[in-house]
Amino acid sequence: MIAIGSDHGGYELKEAIKKHLEERGIEYKDFGTFSEESVDYPDYAREVAEAVASGQYEKGILLCGTGVGISIAANKVPGIRAAHVSDAFSARYSKEHNNANVLCMGGRVVGPGLAALLVDEWLDAEFQGGRHQKRIDKISEIEKKYSR
């Protein structure tokens, strides 16, 4: 199951992605926001990232106006590897090489058609492990060093 969330800048794109997930028969939980009224993206990034990091949800999708702020906030949660993407190659490789567990996009940057493609590339990709696992382990060591 996928945890999905957005701020007001990503709300419209989130709604389009939810429809796409439904068409693919993929279950999700919407963590909000539920309108285009201005809200603070770190709140939604934290909720989705914590749900993924805890193992309650396997993956997450986060959206804000650019995708940048929400990805920065999500990456503050230990265990999260949030990838900000706007092209298919990056979406696929964020999973295959980086084992990204949260996909981030910008609602003011990516249209619904491209977003569906990016979601599909990411969901259909599989982590390749091997030499990439060694690198993920190094990222985890950095995270541990600076965690309180």
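**Exercise 1. Find the residue just after α2 that takes a positive phi.**

Step 1. Go to the end of helix α2, residues 41-53. Helices here are DSSP runs of H or I, at least four residues, and strands are runs of E, at least two, numbered from the N terminus.
Step 2. Read on. Gly 55 takes a positive phi of about 90°.

This is a predicted model: local features need pLDDT of at least 70, side-chain atom pairs count only at pLDDT 80 or more, and totals for chains, interfaces and linings use all residues. Residues are numbered from 1 along each chain as its sequence is written, and side-chain values use heavy atoms, without hydrogens and water.

**Exercise 2. Work out where the buried residues of α2 lie and what they pack against.**

Step 1. List them. Tyr 44, Ala 45, Val 48, Ala 49, Ala 51 and Val 52 are buried (under 20% relative accessible area, 1.4 Å probe, protein chains only).
Step 2. Look down the axis of α2. These residues fall within an arc of 160°, so they line one face of the helix. The arc is taken from the directions from the helix axis to the C-beta atoms.
Step 3. Find their partners. They pack against β1 (2-6), β3 (59-64), α3 (68-74) and β5 (102-106). Contact means heavy atoms within 4.5 Å.

**Exercise 3. Give the strand order of the sheet and name its edges.**

Step 1. Trace the five strands of the open sheet: β2-β1-β3-β5-β4, with parallel pairing. Strands pair if DSSP finds at least two bridges between them.
Step 2. Pick the edges. β2 (28-30) and β4 (82-84) each pair on one side only.
Step 3. Check β1 and β3. Five bridges join them. Ile 4 has Ile 61 in β3 as its bridge partner.

Note on methods: Expected span 1.5 Å × (residues − 1). Buried < 20%, exposed > 50% of the residue type's maximum accessible area, 1.4 Å probe, protein only.
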